[in-house]
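I opened my notebook to look up how the parts of one protein chain are arranged. The entries follow the order in which I checked things.

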Amino acid sequence: MTDSPSLFRADYPGHDTLPQQLADALEALEWLERFERPYLLARYQASLGELEVRLLGLKVETRAYRCRVDLGQARLRRGEALSPVALAAIERAVASELLAWQSIEADHNRVLARSKRHPGGRPPLDPERVSRCRAAWRRLACRLHPEIRPGEAFADRYWGKVQEAYRDMNADLLDALAPFIEREVSAPTPTPEETVRLAKLLEVRRKRLHSQEAQAPFTWADHLEDPDWIAEKRAGLMSEIEAESDTLATLVLTFAGMSAGASTAT
(Lines give C-alpha, C1' and ligand atoms only; values in the text may rest on other atoms or scores of the structure.)
Protein backbone atom coordinates (compact mmCIF):
# COMPACT_ATOMS: atom_id res chain seq x y z
CA MET A 1 0.00 0.00 0.00
CA THR A 2 1.44 3.40 -1.02
CA ASP A 3 1.76 6.08 1.64
CA SER A 4 -0.24 9.24 1.09
CA PRO A 5 1.49 12.29 -0.42
CA SER A 6 1.10 14.17 2.87
CA LEU A 7 3.03 11.46 4.71
CA PHE A 8 5.79 11.62 2.11
CA ARG A 9 6.01 15.38 2.50
CA ALA A 10 6.47 14.85 6.23
CA ASP A 11 9.13 12.16 5.77
CA TYR A 12 11.03 14.04 3.04
CA PRO A 13 10.80 17.79 3.61
CA GLY A 14 11.93 19.59 0.49
CA HIS A 15 11.24 16.49 -1.61
CA ASP A 16 10.48 18.67 -4.64
CA THR A 17 14.07 19.93 -4.56
CA LEU A 18 15.68 16.48 -4.26
CA PRO A 19 16.65 16.37 -7.96
CA GLN A 20 18.41 19.72 -7.63
CA GLN A 21 20.09 18.73 -4.36
CA LEU A 22 21.36 15.54 -5.97
CA ALA A 23 22.54 17.47 -9.03
CA ASP A 24 24.48 19.83 -6.72
CA ALA A 25 26.17 16.89 -4.96
CA LEU A 26 26.99 15.16 -8.25
CA GLU A 27 28.47 18.34 -9.68
CA ALA A 28 30.60 18.87 -6.58
CA LEU A 29 32.00 15.35 -7.01
CA GLU A 30 32.55 15.96 -10.73
CA TRP A 31 34.44 19.18 -9.97
CA LEU A 32 36.69 17.47 -7.44
CA GLU A 33 37.59 14.62 -9.77
CA ARG A 34 37.92 16.51 -13.06
CA PHE A 35 39.60 19.67 -11.85
CA GLU A 36 40.67 19.77 -8.22
CA ARG A 37 42.32 16.34 -8.01
CA PRO A 38 44.63 16.71 -11.05
CA TYR A 39 45.39 20.32 -10.11
CA LEU A 40 46.35 19.51 -6.53
CA LEU A 41 48.33 16.41 -7.53
CA ALA A 42 50.28 18.45 -10.09
CA ARG A 43 50.96 21.17 -7.50
CA TYR A 44 52.11 18.55 -5.00
CA GLN A 45 54.36 16.86 -7.54
CA ALA A 46 55.85 20.16 -8.61
CA SER A 47 56.84 20.88 -5.00
CA LEU A 48 57.75 17.44 -3.67
CA GLY A 49 57.57 14.93 -6.51
CA GLU A 50 61.28 14.71 -7.34
CA LEU A 51 62.17 13.94 -3.73
CA GLU A 52 59.42 11.33 -3.45
CA VAL A 53 60.57 9.61 -6.66
CA ARG A 54 64.15 9.68 -5.41
CA LEU A 55 63.09 8.12 -2.11
CA LEU A 56 61.02 5.48 -3.87
CA GLY A 57 63.96 4.60 -6.11
CA LEU A 58 66.14 4.12 -3.05
CA LYS A 59 63.48 1.94 -1.43
CA VAL A 60 63.35 -0.26 -4.52
CA GLU A 61 67.15 -0.65 -4.47
CA THR A 62 67.11 -1.32 -0.72
CA ARG A 63 64.46 -4.00 -1.17
CA ALA A 64 66.51 -5.58 -3.94
CA TYR A 65 69.66 -5.77 -1.82
CA ARG A 66 67.79 -6.93 1.26
CA CYS A 67 66.35 -9.72 -0.86
CA ARG A 68 69.85 -10.60 -2.15
CA VAL A 69 71.27 -10.69 1.37
CA ASP A 70 68.37 -12.77 2.75
CA LEU A 71 68.58 -15.30 -0.09
CA GLY A 72 72.36 -15.46 0.13
CA GLN A 73 72.31 -15.99 3.90
CA ALA A 74 69.65 -18.68 3.55
CA ARG A 75 71.88 -20.59 1.12
CA LEU A 76 74.91 -20.24 3.38
CA ARG A 77 72.92 -21.52 6.39
CA ARG A 78 72.05 -24.59 4.33
CA GLY A 79 75.74 -25.08 3.62
CA GLU A 80 75.43 -24.15 -0.04
CA ALA A 81 78.16 -22.15 -1.75
CA LEU A 82 77.39 -18.84 -3.43
CA SER A 83 78.63 -20.07 -6.79
CA PRO A 84 78.05 -18.10 -10.01
CA VAL A 85 75.06 -20.35 -10.66
CA ALA A 86 73.67 -19.63 -7.18
CA LEU A 87 74.20 -15.87 -7.61
CA ALA A 88 72.40 -15.98 -10.96
CA ALA A 89 69.48 -17.77 -9.29
CA ILE A 90 69.41 -15.08 -6.61
CA GLU A 91 69.28 -12.35 -9.28
CA ARG A 92 66.35 -14.08 -10.99
CA ALA A 93 64.47 -14.27 -7.70
CA VAL A 94 65.20 -10.61 -6.97
CA ALA A 95 63.97 -9.56 -10.42
CA SER A 96 60.69 -11.40 -9.86
CA GLU A 97 60.28 -9.90 -6.39
CA LEU A 98 60.80 -6.35 -7.65
CA LEU A 99 58.37 -6.32 -10.57
CA ALA A 100 55.51 -4.77 -8.59
CA TRP A 101 57.78 -2.18 -6.94
CA GLN A 102 59.32 -1.19 -10.27
CA SER A 103 55.84 -0.74 -11.71
CA ILE A 104 54.97 1.64 -8.86
CA GLU A 105 58.23 3.52 -9.42
CA ALA A 106 57.45 3.84 -13.14
CA ASP A 107 53.98 5.20 -12.33
CA HIS A 108 55.49 7.83 -10.03
CA ASN A 109 57.95 8.85 -12.74
CA ARG A 110 55.14 9.24 -15.26
CA VAL A 111 53.14 11.41 -12.83
CA LEU A 112 56.22 13.54 -12.15
CA ALA A 113 56.86 13.95 -15.89
CA ARG A 114 53.27 15.10 -16.44
CA SER A 115 53.52 17.63 -13.62
CA LYS A 116 56.68 19.09 -15.19
CA ARG A 117 54.87 19.57 -18.49
CA HIS A 118 52.06 21.39 -16.66
CA PRO A 119 53.74 22.90 -13.58
CA GLY A 120 50.74 25.04 -12.71
CA GLY A 121 48.44 22.01 -12.69
CA ARG A 122 45.84 23.67 -14.90
CA PRO A 123 45.50 26.79 -17.01
CA PRO A 124 44.03 29.82 -15.26
CA LEU A 125 40.25 29.55 -15.19
CA ASP A 126 38.07 32.62 -15.39
CA PRO A 127 35.88 32.59 -12.25
CA GLU A 128 32.85 33.93 -14.11
CA ARG A 129 33.15 31.24 -16.79
CA VAL A 130 33.59 28.54 -14.16
CA SER A 131 30.52 29.74 -12.29
CA ARG A 132 28.43 29.68 -15.49
CA CYS A 133 29.61 26.17 -16.39
CA ARG A 134 28.99 24.72 -12.98
CA ALA A 135 25.54 26.28 -12.71
CA ALA A 136 24.56 25.09 -16.20
CA TRP A 137 25.78 21.54 -15.49
CA ARG A 138 23.66 21.40 -12.34
CA ARG A 139 20.56 22.67 -14.17
CA LEU A 140 20.96 20.18 -17.01
CA ALA A 141 21.85 17.29 -14.71
CA CYS A 142 18.36 17.58 -13.19
CA ARG A 143 16.92 16.68 -16.59
CA LEU A 144 19.54 14.40 -18.14
CA HIS A 145 21.84 12.83 -15.54
CA PRO A 146 21.31 9.05 -15.55
CA GLU A 147 21.22 8.88 -11.75
CA ILE A 148 18.46 11.50 -11.57
CA ARG A 149 16.53 10.64 -14.73
CA PRO A 150 17.28 6.98 -15.54
CA GLY A 151 15.96 5.98 -18.93
CA GLU A 152 15.61 9.54 -20.23
CA ALA A 153 15.82 9.21 -24.04
CA PHE A 154 17.42 12.62 -24.58
CA ALA A 155 20.27 11.70 -22.24
CA ASP A 156 21.72 9.29 -24.79
CA ARG A 157 22.01 12.09 -27.33
CA TYR A 158 22.85 15.13 -25.23
CA TRP A 159 24.39 14.19 -21.90
CA GLY A 160 27.73 13.39 -23.52
CA LYS A 161 27.77 16.86 -25.09
CA VAL A 162 27.05 18.41 -21.70
CA GLN A 163 29.91 16.45 -20.14
CA GLU A 164 32.31 17.43 -22.91
CA ALA A 165 31.41 21.11 -22.60
CA TYR A 166 31.84 20.92 -18.81
CA ARG A 167 35.21 19.22 -19.16
CA ASP A 168 36.36 22.01 -21.50
CA MET A 169 34.72 24.72 -19.34
CA ASN A 170 32.84 25.81 -22.47
CA ALA A 171 30.24 28.11 -20.92
CA ASP A 172 28.94 29.32 -24.30
CA LEU A 173 28.10 25.78 -25.44
CA LEU A 174 26.40 24.93 -22.16
CA ASP A 175 24.38 28.15 -22.32
CA ALA A 176 23.36 27.27 -25.86
CA LEU A 177 22.33 23.72 -24.93
CA ALA A 178 20.39 24.69 -21.81
CA PRO A 179 17.27 26.33 -23.32
CA PHE A 180 16.91 23.61 -25.95
CA ILE A 181 17.19 20.78 -23.41
CA GLU A 182 14.93 22.54 -20.92
CA ARG A 183 12.35 22.96 -23.66
CA GLU A 184 12.52 19.33 -24.77
CA VAL A 185 12.87 17.62 -21.38
CA SER A 186 10.44 18.45 -18.61
CA ALA A 187 11.59 19.26 -15.12
CA PRO A 188 11.51 16.23 -12.81
CA THR A 189 8.46 15.78 -10.58
CA PRO A 190 9.37 12.84 -8.33
CA THR A 191 6.70 10.28 -7.47
CA PRO A 192 6.71 8.93 -3.90
CA GLU A 193 8.80 5.98 -5.08
CA GLU A 194 11.23 8.28 -6.89
CA THR A 195 11.44 10.48 -3.81
CA VAL A 196 12.64 7.52 -1.75
CA ARG A 197 15.19 6.54 -4.39
CA LEU A 198 16.52 10.06 -4.81
CA ALA A 199 16.74 10.64 -1.06
CA LYS A 200 18.78 7.47 -0.57
CA LEU A 201 21.02 8.30 -3.51
CA LEU A 202 21.54 11.84 -2.24
CA GLU A 203 22.67 10.48 1.13
CA VAL A 204 25.15 8.13 -0.58
CA ARG A 205 26.59 10.88 -2.79
CA ARG A 206 26.90 13.36 0.06
CA LYS A 207 28.75 10.79 2.16
CA ARG A 208 31.11 10.15 -0.73
CA LEU A 209 31.67 13.88 -1.18
CA HIS A 210 32.51 14.38 2.49
CA SER A 211 34.79 11.34 2.40
CA GLN A 212 36.63 12.66 -0.66
CA GLU A 213 37.10 16.11 0.85
CA ALA A 214 38.66 14.53 3.96
CA GLN A 215 41.33 12.69 1.93
CA ALA A 216 44.47 13.65 0.05
CA PRO A 217 44.98 15.45 -2.23
CA PHE A 218 42.02 17.64 -1.21
CA THR A 219 43.34 18.06 2.33
CA TRP A 220 46.53 19.53 0.84
CA ALA A 221 44.78 22.51 -0.75
CA ASP A 222 45.72 25.04 1.94
CA HIS A 223 49.08 23.45 2.71
CA LEU A 224 50.28 23.78 -0.87
CA GLU A 225 49.96 27.55 -0.51
CA ASP A 226 52.10 27.49 2.65
CA PRO A 227 55.88 27.68 2.01
CA ASP A 228 56.63 26.59 5.59
CA TRP A 229 54.59 23.39 5.17
CA ILE A 230 56.36 22.59 1.90
CA ALA A 231 59.76 23.28 3.48
CA GLU A 232 58.91 20.99 6.40
CA LYS A 233 57.80 18.21 4.03
CA ARG A 234 60.97 18.58 1.97
CA ALA A 235 63.11 18.38 5.10
CA GLY A 236 61.27 15.23 6.18
CA LEU A 237 61.78 13.62 2.77
CA MET A 238 65.49 14.53 2.81
CA SER A 239 65.84 12.86 6.21
CA GLU A 240 64.14 9.73 4.91
CA ILE A 241 66.40 9.74 1.84
CA GLU A 242 69.50 9.99 4.02
CA ALA A 243 68.36 7.13 6.27
CA GLU A 244 67.42 4.96 3.27
CA SER A 245 70.77 5.68 1.64
CA ASP A 246 72.59 4.51 4.80
CA THR A 247 70.52 1.31 4.92
CA LEU A 248 71.18 0.64 1.24
CA ALA A 249 74.94 1.19 1.65
CA THR A 250 75.04 -1.28 4.54
CA LEU A 251 73.20 -3.94 2.53
CA VAL A 252 75.40 -3.40 -0.54
CA LEU A 253 78.54 -3.88 1.56
CA THR A 254 77.06 -6.94 3.28
CA PHE A 255 76.19 -8.63 -0.02
CA ALA A 256 79.53 -7.66 -1.57
CA GLY A 257 81.31 -9.26 1.41
CA MET A 258 79.24 -12.44 1.07
CA SER A 259 79.96 -12.65 -2.67
CA ALA A 260 83.67 -11.97 -2.19
CA GLY A 261 83.89 -14.57 0.54
CA ALA A 262 82.19 -17.11 -1.68
CA SER A 263 84.62 -16.35 -4.54
CA THR A 264 87.61 -16.80 -2.24
CA ALA A 265 86.22 -20.08 -0.93
CA THR A 266 85.81 -21.46 -4.45
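**Ground rules**

I am working with a predicted model, where local features need pLDDT of at least 70, side-chain atom pairs count only at pLDDT 80 or more, and totals for chains, interfaces and linings use all residues. Residues are numbered from 1 along each chain as its sequence is written, and side-chain values use heavy atoms, with hydrogens and water left out.

**Entry 1: the whole chain**

I looked up the elements and found eight helices and zero strands. Helices here are DSSP runs of H or I with at least four residues, strands are runs of E with at least two, and both are numbered from the N terminus. Read from the N terminus, the order is α-α-α-α-α-α-α-α.

Of the 266 residues, 37% are buried (under 20% relative accessible area; exposed is over 50%, partly exposed in between, with a 1.4 Å probe and protein chains only). I noted an accessible surface of about 15,200 Å², with 54% of that surface belonging to carbon and sulfur atoms. Such areas come from the Shrake-Rupley method with a 1.4 Å probe, and for residues only the protein chains shown count as cover.

I then took the contacts (heavy atoms within 4.5 Å) between residues at least 6 apart in sequence, and 81% of them join residues at least 24 apart.

**Entry 2: helix 2 and helix 7**

I compared helix 2 (residues 18–77) with helix 7 (residues 192–213), whose axes lie 9 Å apart at an angle of about 30°. The axes are lines fitted to C-alpha atoms, for helices over the stretch in contact, and angles run from 0 to 180 degrees between N-to-C directions. Helix 2 is therefore roughly parallel to helix 7 (under 35 degrees; over 145 is roughly antiparallel, 65 to 115 roughly perpendicular, the rest oblique). By class, the residues of this contact are 13 nonpolar, three polar and six charged. Nonpolar covers Ala, Val, Leu, Ile, Met, Phe, Trp, Tyr, Cys and Pro, charged covers Asp, Glu, Lys and Arg, and the others, Gly among them, are polar.

**Entry 3: helix 4 and helix 5**

Next I checked helix 4 (residues 127–144) against helix 5 (residues 153–167), and their axes are 11 Å apart at about 165°. That angle makes helix 4 roughly antiparallel to helix 5. Residues in the contact include Trp137 and Leu140 of helix 4 and Tyr158 and Trp159 of helix 5. I counted the classes as eleven nonpolar, one polar and one charged.

**Entry 4: helix 2 and helix 4**

The axes of helix 2 and helix 4 come within 8 Å and cross at roughly 130°, so these two helices are oblique to each other. Among the residues making the contact are Ala23 and Glu27 of helix 2, and Arg134 and Trp137 of helix 4. The contact divides into nine nonpolar, one polar and five charged residues.

Is Glu27 buried or exposed? Glu27 lies in helix 2 and is buried, because its relative accessible area is 1%. Beyond its neighbours within four places in sequence, Glu27 contacts Arg134, Trp137, Arg138 and Tyr166. The C-alpha atoms of Glu27 and Ala135 are 9.0 Å apart, though 108 residues separate them along the chain.

Arg129 sits in helix 4, and its relative accessibility of 27% makes it partly exposed. I also noted Asp172, which is 43 residues from Arg129 in sequence and 8.8 Å from it in space, C-alpha to C-alpha.
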